[in-house]
Amino acid sequence: MANVNIQELLDNGVHFGHLTRKWNPNMAPYIYTERNGVHIIDLYKTAAKIEETSEALKKIANSGRKILFVATKKQAKDIVAEKAKAISMPYITERWPGGMLTNFVTIRKAVKKMAIIDRMKTDGSFDALSKREKLQINRQREKLEKNLGSISDMTRLPGALFVVDIKKEHIAVAEAQKLNIPIFAMVDTNSDPRQVDYVIPANDDASKSINVVLSFVTDAIADGLSERKADKEKVKEAPKKEEAKVEAPKAEVAAPEVEEAKVETPAKEEAPKAKAPKKAKKKAEVAETPAEEKK
């Protein structure tokens with residue numbers, strides 16, 4: 001994860017806030033000064049908050065949870081869609097569907113409709129419909145794709161929400177608060193930072209400002225995903241090494257059996273030797289008896 005460059009933030013206009021008459025007093029700790037009726041954000045605090053936010057998002061990505069990006073304003077739409085696609089994360093850039101989080105089961109049913117329509121087109125049942133029915137289904141599919149196509153891979157509630165302009169996306173913020181989902185956001189001087197868990201004080205109206213902040217954030221998420229992938233590969237390789245270690249001692253265990261057999265054979269050879277003296281005694285007794293009879 002790259003360190004945040006203050007000069008880069010300055011060049012992209014991250015420090016420009018709103019007019020002083022539109023400010024929110026709770027943003028006072030993040031404001032450096034006022035110039036020509038416009039508040040100037042303290043970029044040192046912005047840089048520190050970007051690093052803090054990036055570290056937290058990296059951990060969430062490493063845990064395997066999804067991070068939902070939300071930005072429906074014109075300046076942020078294309079940037080958020082591009083950055084989220086690059087790291088395979090879900091995003092909402094059209095109208096926020098009410099109940100997206102609090103009524104997630106219903107939203108998932110709507111997403112499944114798209115899969116059903118696609119299946120109809122592949123198995124041939126779509127061709128059996130009338131021209132009017134085909135037109136209606138195609139329109140429904142296009143509408144679902146526009147609003148929910150970007151979250152088709154999100155099978156459960158996200159691990160975090162990243163919002164650009166919490167004032168505009170207040171419904172998304174309210175739903176996330178209700179479900180205790182962590183909220184990360186770019187917060188301008190006209191918004192209340194108390195609604196957000198991780199605040200990035202920055203200009204949320206300029207496309208350049210949004211682009212540079214999202215670049216730092218998505219790079220950190222990409223690092224978390226790559227670390228997760230590397231950890232999985234290590235886990236897969238570990239059992240193979242253990243199997244190789246277990247198989248090697250089998251030859252060593254078989255060797256002592258041969259040695260035991262070698263030890264047992266002398267015992268069998270000694271048995272006849274022990275019996276031999278008994279036969280010799282009997283012969284001696286037989287030899288003695290005739291001598292006595294002769295006497």
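Leucine 68 stands opposite leucine 161, a residue of strand E6. The model in which this pairing is found is a predicted one. Another such pair is formed by isoleucine 67, which faces alanine 160 in E6. In total, four bridges connect strand E4, residues 67-70, with strand E6, residues 160-164, and the two strands run parallel. Strand E4 also pairs with E5, again in the parallel sense, over two bridges. Here valine 70 has isoleucine 92 of E5 as its bridge partner.

These pairings belong to an open sheet of five strands, arranged in the order E5-E4-E6-E7-E8 with parallel pairing. The edges are taken by strand E5 (91-92) and strand E8 (198-201); each has a single partner strand, so one side of each is left without a neighbour in the sheet. Strands of a sheet pair through backbone hydrogen bonds, in either a parallel or an antiparallel sense.

The side chains of E4 were examined next. In a regular strand, side chains alternate between the two faces of the sheet. In E4, Ile67 and Phe69 lie on one side and Leu68 and Val70 on the other, and all of these residues are buried.

Helix H5 comprises 18 residues, 131-148. Four residues of H5 are buried, namely Ile137, Arg141, Leu144 and Leu148. These residues cover an arc of only 70° around the axis, which puts them on the same side of H5. An α-helix has 3.6 residues a turn, so residues three or four places apart point the same way. The other side of H5 carries the exposed residues Lys131, Arg132, Arg139, Glu142, Lys143 and Lys146. Helix H4 (104-123) is included in what covers the buried residues of H5.

Apart from neighbours within four places in sequence, arginine 141 is in contact with Met114, Ile117 and Asp118. Asparagine 138 is likewise placed in helix H5, but its relative accessibility of 26% makes it partly exposed. With neighbours within four places in sequence left aside, the contacts of asparagine 138 are Lys121 and Phe126. With lysine 121 there is a polar contact between the two side chains, at 3.1 Å. The C-alpha atom of asparagine 138 is 10.0 Å from that of methionine 114, a residue 24 places away along the chain.

Nine salt bridges were counted in the model. One of them joins glutamate 227 and lysine 58, whose closest N and O atoms are 3.2 Å apart. This pair links distant parts of the chain, since glutamate 227 belongs to helix H7 (residues 207-247) and lysine 58 to helix H2 (residues 43-62), 169 residues apart. Glutamate 227 is partly exposed, at 34% relative accessibility, whereas lysine 58 is buried, at 16%.

Lysine 73 takes part in two further salt bridges described here. In the bridge with aspartate 165, the closest N and O atoms are 2.8 Å apart. Aspartate 165 is in the loop between E6 and helix H6 (170-178), and lysine 73 is in the loop between E4 and helix H3 (74-86); this pair links distant parts of the chain, 92 residues apart. Both partners are buried: aspartate 165 has 10% relative accessibility, and lysine 73 has 6%.

In the bridge between aspartate 205 and lysine 73, the closest N and O atoms are 2.9 Å apart. Aspartate 205 lies in the loop between E8 and H7, and lysine 73 in the loop between E4 and H3, so the pair ties together parts that are 132 residues apart in sequence. Aspartate 205 is partly exposed, with a relative accessibility of 28%. Through salt bridges that share partners, Lys73, Asp165, Asp204 and Asp205 are joined into one network.

Technical notes. Residues numbered from 1 in each chain as written. Predicted model: local features only at pLDDT ≥ 70, side-chain atom pairs only at ≥ 80, totals over all residues. Heavy atoms only, no water. Expected span 1.5 Å × (residues − 1). Buried < 20%, exposed > 50% of the residue type's maximum accessible area, 1.4 Å probe, protein only. Arc of directions from axis to C-beta. Contact = heavy atoms within 4.5 Å. Polar contact = N/O pair within 3.5 Å; in protein donor to acceptor, adjacent residues only side chain to side chain. Pairing = 2+ DSSP bridges. Salt bridge = Lys/Arg side-chain N within 4 Å of Asp/Glu carboxyl O.
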